[in-house]
Protein chains: 2
Amino acid sequence: MRLLCFFFILCSALMPLAAGQPPQQINLMPVPASFRVGPGQLLIDQTFSVALAGEKGTILERVIQNFVGDLSRKTGMRLDTKPGDLARATLGIRTVHASKEVQELGEDESYNLEVSPAGAQLSAPTTLGILHGLQTFLQLVETTGDGFAVPVITIQDKPRFAWRGLMIDVSRHFIPLGVLKRNLDGMAATKLNVFHWHLSDNQGFRVESKKFPKLHELGSDGLYYTQDEVRELIAYARERGIRVVPEFDMPGHSTAWFVGYPELASAPGPYEIERKWGVFDPAMDPTQDKTYKFLNEFIGEMAELFPDQYFHIGGDEVNGKQWDANPKIQEFMRKREIKSNQELQAYFNKRVQEIVSKHKKTMIGWDEIKSTVIQSWRGQESLAGAARQGYRGLLSHGYYLDLIWPAWHHYAIDPMSDDATSLSPEEEQRILGGEACMWAEFVSSENIDSRIWPRTAAIAERLWSPQQVQDVNSMYQRLEVVSRHLDWFGLTHNSSYGPMLRRIAGTNDISAPRTLADVMQPVKDYAREETATVVPTSATPLNRLVDAARPESDTARRFADLVNVIVSGQANNTETKAQIRILLTRWRDNQTNLQQLLDGSFLLKEAAPIAQDLSALGAAGLRALDYLDRGERPPDPWKAEQLALIVEAKKPKSQLLLMVILPVQKLIEASAGGELPSSSN
Amino acid sequence: MRLLCFFFILCSALMPLAAGQPPQQINLMPVPASFRVGPGQLLIDQTFSVALAGEKGTILERVIQNFVGDLSRKTGMRLDTKPGDLARATLGIRTVHASKEVQELGEDESYNLEVSPAGAQLSAPTTLGILHGLQTFLQLVETTGDGFAVPVITIQDKPRFAWRGLMIDVSRHFIPLGVLKRNLDGMAATKLNVFHWHLSDNQGFRVESKKFPKLHELGSDGLYYTQDEVRELIAYARERGIRVVPEFDMPGHSTAWFVGYPELASAPGPYEIERKWGVFDPAMDPTQDKTYKFLNEFIGEMAELFPDQYFHIGGDEVNGKQWDANPKIQEFMRKREIKSNQELQAYFNKRVQEIVSKHKKTMIGWDEIKSTVIQSWRGQESLAGAARQGYRGLLSHGYYLDLIWPAWHHYAIDPMSDDATSLSPEEEQRILGGEACMWAEFVSSENIDSRIWPRTAAIAERLWSPQQVQDVNSMYQRLEVVSRHLDWFGLTHNSSYGPMLRRIAGTNDISAPRTLADVMQPVKDYAREETATVVPTSATPLNRLVDAARPESDTARRFADLVNVIVSGQANNTETKAQIRILLTRWRDNQTNLQQLLDGSFLLKEAAPIAQDLSALGAAGLRALDYLDRGERPPDPWKAEQLALIVEAKKPKSQLLLMVILPVQKLIEASAGGELPSSSN
């Protein structure tokens, strides 16, 4: 019944309204569980006020302050932040219970929002639902002909999954607190509720430890969070309905620990902070008691600092080399009949599990290890397998932001698909949700936002909205809106593009480099590292075109849509053709403009071959359009020449991909009456 | 000799270099007192290091950290912040003396910077000179064909005036600490050295007072700086070579004091925080002892909080109405033979001067009052007059940023011009410098940066560089570069334009509104207030086109330059004409694009008449070009019609001015063979 109801509502909402009503577009991301749009709107002017009823708890007043501040920033109007009279308030808020002092997994996050032309009512069982409802309200505010307004709408909303996370690796590149805060704002705006803080790795240990100060003093290059800063961030997250789960990766991924405490390692030191990327040999010695004594004290300290119930111990990618080479460890394994390094790691995990439990936390780890909660980076198969074995799990496979996939790719990945479809209802319950992961080999404060946003909003929708919400076109339309909505929180995914291009261009007029960068994307998966001419390290400058180029080219996507209209032979496409010609002409001519800048910038030089490819593609596309317009078939040699060009252009250059190749190829094929290429670009 | 030398150097620097050398453009603002550019450059890569010699003082290490952080942000490279070995450092820094613990007026701010391909040497008598030299170095860093680099150059630099200030009024609109900090960064980048903090006025009392807590509790709507925040800002300024001079305006401009302490006023309360703009009646009662008792305690508290030697007591614009109406005050005046309100205020000032002196501060006030230092908002005549009478003075007349004048206007105003040219050398010494003033009737956190920057850089150059530096074209070229340089400090004068236009447009595609906004400027002087249809208050939203439009239209300035080439009949102007046609066509056609957005946005509607004017101007300009191209004279009725259109377009609409009218008029006149209009647009 719920599904039917949902679909009915979705259709009625997206259908044109009755005559006399303006058409409504619901720019919400994630899409609510159910909603119904009505005629009219609620104006938001400076008489706007909020009133509270029911339980307030400790954070609600700050939440309202934040909300009114956000609304004020979005509208550019000074608004009164003090809660007012319920009878006359624009937005009445009714909370049944305050949410838990320390936010918990599985707390009720649902809310109802009812907007009429006279006012809005938001109600929720807990403060968490209120938080989500306020973000929905904020997204709905738009500039209209009559003023700022929220459309008349009835929303009944609740998340599909209880664990909707974003992991940020602050070890490989340190990410300052302010950058994390603005990303927490982005998470709140898209209803994500777990910030997974990857705090230690080979390349850095990022939290102050009062018990073992050499961890941060020697393991961080001075780039770490003080315990006060950690508390500040947790409080910031708390006011945004976000749990903070710390991760301290062990027994591998731990070189940074050993700089200060080499005695923990399985091979003698001294150790230095790792500067390169990859999987390295150093691992904790799981056979000595002092390792567990240390971990007991350390985990005790951190369990107190981080109030969340869950404690992530990593557990991934131990290559076992240090264990193999250490006779003492080999002797230990023989004595205890431990047959493999995998078994040895299981022994380690068991001991750590006891420590974590002793400190009243629930252990979580990456899917090589068996802990209470398993975070799967290997895939849906391993996730479903874990659920069958009685473990709870999270999906991260498919949500790795550092692999630079387009939003539609992440959007298509569902924790409940593939192997999970055959789970029993009880087993299904064990799949808690998922986490987007921002591994930090190639991000800095300057471009990390552009790697996280807006794509993470598509993942957030996958984890919040009903499974049936799958319209990719609708997703992209709303993604563009939410991307600009996020600007109001100070996220720099849009604003840092210009300054980075100006640095690269070495001049303020960046029209030519921008035209090029607008249709490029960084190479995908691990190609950046694999194709590097110099081994990249944590010191490698991230100031190249590949660092400025967006993970997904909107221009290329729109161009592909235009070309699809033409090659599918739809009628009345004169206007479409004109738009295509404008783009192709701009690309063809861009090389000349760019050429003038190349000598002046060492950072721009590597773009020269790509600019040439783009220019050639522009010319080829224009010629193909000419043939199409004249109804002429191009000569075969021309076609062969163009297809050779396509092959050349498809090769990544300077770790960048040109994203308009396939549509141009389609134009060429169409003009030649050939079969259209079908593979994805 | 100094002058001759300066000119020689300037000319040799700006002349093309010998064959084989790339031409060098020195993008420095302010222009140094003297410099000589040589061949070659110093590469800045990740081996960059700094070394210190001589005195370090308390702030130098933080200064170096800030500098390396800035350099790292500008280049996108991780750099080592720890000072290294002098013999091998890229940049050697030698300081003779640490600057004073509390920065003083008139400390030596000079520095020498010597850049060779092998390294750079910066030396200065005090830390202040080092600070300025580092900012020079930072401005010189640019992207080149070989890498980031600083040109080979020898600079001997020192300021022309010792007091180079920026006043920010935080009373009329509260400006948060973070916004002030980024503006202090902008000040440091342009070598301004006094932040004049206008902390109280009728509309708000913005500092926590522990002695009189009702001042900030009742006088600020909760929008004030805690004393800790004040100390934080002062420390921030100190590390950037900036003194912080607080202003508490009295006896007028003080309504906000009276909300908590009505007994200080000259008429019985109760009082409320003033919400409107203008000059108001409330004034302190200068005849009662308790006023001075209060001020003594208050100034004592603030004198301790603000370490600077100078203490600004405002003193401007007392209309005297409360004094006239108070029999007790009238009686006091009769008894003491005080003949006028002006004399009464002089009596007040004398008493306050005693208090300020008692707390070991030097009093400064606006030019209605006679204090030790006079800040002139009335003009150069009053400034010179004060100097003749033995007072020291600052010029602010001509530097009011809120009047929305173009940079060239501020640039042309010199504290030593007009009446000051007849001063004796001794009197000249009394002119300390000047201050740009940002009165805050129409600014918020969102657009204040765009009102201050980049125009303030032109004022900074006037106050720092030799008087002879007056080339307006060079100033504008460098202003554009420095404007983008300031982006690296997080200033939002460039970046907030897009989001504001998107809010106004109610959509993400802002090409049409941007085309319009790019050629508009807010009305000048006090016309914004005078032409308001509703009386503006501190609650009035600042989200309109007039708030987003830049104080100065670069597009219009460039267009005017292009047209001047044409109408002056210079040869080979086909390319210029083509550029003009592109602009005119875009403007002509923009209305159609904009039209589609008008119904969807209440904020955009007011632009409709301006878009119409622009469209008509575009069409008229194109037609005029056609006539010119054909060597035909247009018919008289056409010309008359176009000139009528010009008259109409010149009228301000929605408090905005269209800035391309005069050049279009020139095209029309030129095509008709008429006389060219000469008045400024």
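Now look at the peptide bond running from Trp453(B) to Pro454(B), which is cis, with omega near 0°. Keep in mind as you go that this is a predicted model.

Hop over to chain A for another bond of this kind. Select Gly269(A) and Pro270(A), which are joined by a cis peptide bond with an omega of about 0°. Where does Pro270(A) lie? Look in the loop between helix H7 (255-260) and helix H8 (289-305) of chain A.

Back to chain B, and on to backbone angles. Pick Ile404(B), in the loop between strand S15 (392-395) and helix H13 (407-411). Its phi is positive, about 60°, although Ile404(B) is not a glycine. Is Ile404(B) buried or exposed? It counts as buried because its relative accessibility is 7%, and the cut-off for buried is under 20%.

Next, click on Asp525(B), in the loop between strand S17 (520-522) and helix H20 (527-530). Asp525(B) is not a glycine either, yet has a positive phi of about 50°. With a relative accessible area of 39%, Asp525(B) is partly exposed.

Now select helix H24 of chain A, residues 608-630, and find Ala624(A) in it. Ala624(A) is at 0% relative accessibility, so it counts as buried. Which residues does Ala624(A) touch, leaving aside its neighbours within four places in sequence? Show Trp638(A), Leu667(A), Ile668(A) and Ser671(A): those are its contacts. Then try a distance: from Ala624(A) to Gln642(A) you step 18 residues in sequence, and the two C-alpha atoms are 9.8 Å apart.

Zoom out to the whole of chain A. It has 26 helices and 18 strands. Its radius of gyration is 27 Å, close to the 26 Å that the globule rule gives for 681 residues, so chain A is as compact as a globular protein of that length. Of those residues, 61% count as buried.

Last stop: colour chain A by confidence. The average pLDDT is 93, and 95% of the residues score at least 70. Then select residues 1-24 of chain A, where the pLDDT is below 50; beyond near neighbours in sequence, this stretch has 23 contacts in the model.

Technical notes: Residues are numbered from 1 along each chain as its sequence is written. Chains are lettered from A and ligands numbered from 1 in the order in which they are written. This is a predicted model: local features need pLDDT of at least 70, side-chain atom pairs count only at pLDDT 80 or more; totals for chains, interfaces and linings use all residues. Side-chain values use heavy atoms; hydrogens and water are left out. Helices (H or I, at least four residues) and strands (E, at least two) are DSSP runs, numbered from the N terminus. The radius of gyration is taken over C-alpha atoms; the globule rule is 2.2 Å times the number of residues to the power 0.38. Buried means under 20% relative accessible area, exposed over 50%, partly exposed in between (1.4 Å probe, protein chains only). Contact means heavy atoms within 4.5 Å. pLDDT is the predictor's confidence in each residue, from 0 to 100.
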